[in-house]
Amino acid sequence: MIRRPPRSTPKPSSAASDVYKRQELRKHISLTAPELWGRYLGVHSVVSTDKAGNRTVRYEMSEFTQSCLDRYTELSGQTTFQKVKTPFLDEAKMDLKDFDEVGALADTASSMIMKLLWLGRMTRWDLLRQICLLAGQVSKWSLACDRMLHRLMSYLYHTKEHCLSISVGDTADKWALHLYTDADLAKCPFTKRSTSGIFAELLSAKTSSAICGQSVKQTAMSESTPEAELVAHIGEAALRRPTERARAPRQAPHAHDEQRARQTAPDGQSYARGAHAASNRMFAQEEGRGAPAEPLAVVGGGMGARDARRLPTPGD
């Protein structure tokens with residue numbers, strides 16, 4: 001065992017230590033003066049405080065968005081972007097031959113998608129579904145992918161000023177966790193899989209703080225919209241129960257949950273209502289309780305919840 005000798009001088013404070021480190025670094029490299037935190041990797045954080053003391057942080061990436069558009073123009077040669085309402089291209093308007101023909105951006109699409117993934121992850125959660133869809137086709141890029149990417153870039157061109165905003169004006173004891181989840185049915189044009197969308201935020205009278213946004217392709221093959229929404233609801237419950245992630249994985253949703261849901265909704269009753277009850281009972285049994293699991297400080301959300309601030313979905 002090696003013992004460290006006692007310090008002959010008191011340990012410097014954190015601020016003094018930082019000054020010392022910067023002085024030592026300046027002996028070897030050129031450093032600018034320290035500045036307030038605000039810019040990092042394309043994200044510009046703008047902090048403001050109103051007269052009531054409520055603080056708002058805006059995560060802006062308009063400059064990075066413009067660099068994405070410039071990169072796309074460089075790769076594709078496209079300079080015209082039609083104004084569209086959503087980043088999704090209607091599959092009915094696509095020719096089946098487009099899925100077999102190799103796209104013009106097959107060799108360079110990965111560099112474009114990587115920039116878009118960072119943009120979508122940091123501030124533009126409304127783009128996550130379409131970006132993740134195209135990211136899964138980089139190794140088998142087709143003409144259909146070219147068309148979907150152009151639709152995405154057209155939407156991005158006219159919404160480049162959109163950003164993520166977080167406001168906090170009261171204490172944590174007044175916050176309430178709001179969860180919203182939904183799912184489409186076999187809307188992936190390549191795999192015919194469903195996609196789960198989950199959005200979580202903290203809300204109160206003076207607070208509106210987004211926590212996370214997810215767009216995840218489902219591994220279960222759903223036969224109806226309620227089944228797809230049930231899988232999305234289970235993903236929402238994982239956010240409400242972080243301790244569940246450390247446990248053993250549950251049985252596949254398309255077999256386990258479907259059987260419970262059908263048993264709960266006999267004689268033509270609402271299948272969605274039965275699926276929701278089955279999932280609650282499933283969590284209750286796994287946690288060793290007899291009663292259905294209650295949401296933990298959840299005010300909104302649930303299976304099939306529709307919110308006015310929801311992300312755009314195909315068909316909008």
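This is a predicted model: local features need pLDDT of at least 70, side-chain atom pairs count only at pLDDT 80 or more; totals for chains, interfaces and linings use all residues.
A residue counts as buried when its relative accessible area is under 20%.

Helix 5 covers residues 143-157 and has the highest mean pLDDT among the elements of the protein chain, at 95. Its buried residues are A144, C145, D146, M148, L149, R151, L152, M153, S154, Y155 and L156. That makes 11 of its 15 residues, so helix 5 is largely enclosed by the rest of the structure. The length of helix 5 fits too: at 1.5 Å a residue it should span 21 Å, and its end C-alpha atoms do lie 21 Å apart.

What do the buried residues of helix 5 pack against? Their partners are helix 2 (62-76), helix 3 (109-122) and helix 4 (128-135).

Two of these partners also meet each other. Helix 2 and helix 3 pack with their axes 10 Å apart, at an angle of about 165 degrees. Angles over 145 degrees count as roughly antiparallel, and this pair is therefore described that way. Their crossing is left-handed. On the helix 2 side, the contact is made by F64, T65, S67, C68, R71, Y72 and L75, while helix 3 brings S111, M112, K115, L116, W118 and L119.

Finally, a word on confidence. The protein chain has a mean pLDDT of 75, with 69% of its residues at 70 or more. Helix 8 (residues 271-286) has the lowest mean among the elements, 39. Over residues 1-10 the pLDDT stays under 50, and the model has zero contacts there beyond four places in sequence. Residues 243-316 are also below 50, yet this stretch has 120 contacts in the model beyond near neighbours in sequence.

Notes. Residues are numbered from 1 along each chain as its sequence is written. Side-chain values use heavy atoms; hydrogens and water are left out. pLDDT is the predictor's confidence in each residue, from 0 to 100. Helices (H or I, at least four residues) and strands (E, at least two) are DSSP runs, numbered from the N terminus. Contact means heavy atoms within 4.5 Å. The expected span of a helix is 1.5 Å times one less than its number of residues. Buried means under 20% relative accessible area, exposed over 50%, partly exposed in between (1.4 Å probe, protein chains only). Axes are lines fitted to C-alpha atoms, for helices over the stretch in contact, and angles run from 0 to 180 degrees between N-to-C directions. Angles under 35 degrees count as roughly parallel, over 145 as roughly antiparallel, 65 to 115 as roughly perpendicular and the rest as oblique. A crossing is left-handed if the near helix is turned anticlockwise from the far one by less than a right angle, and right-handed if clockwise.
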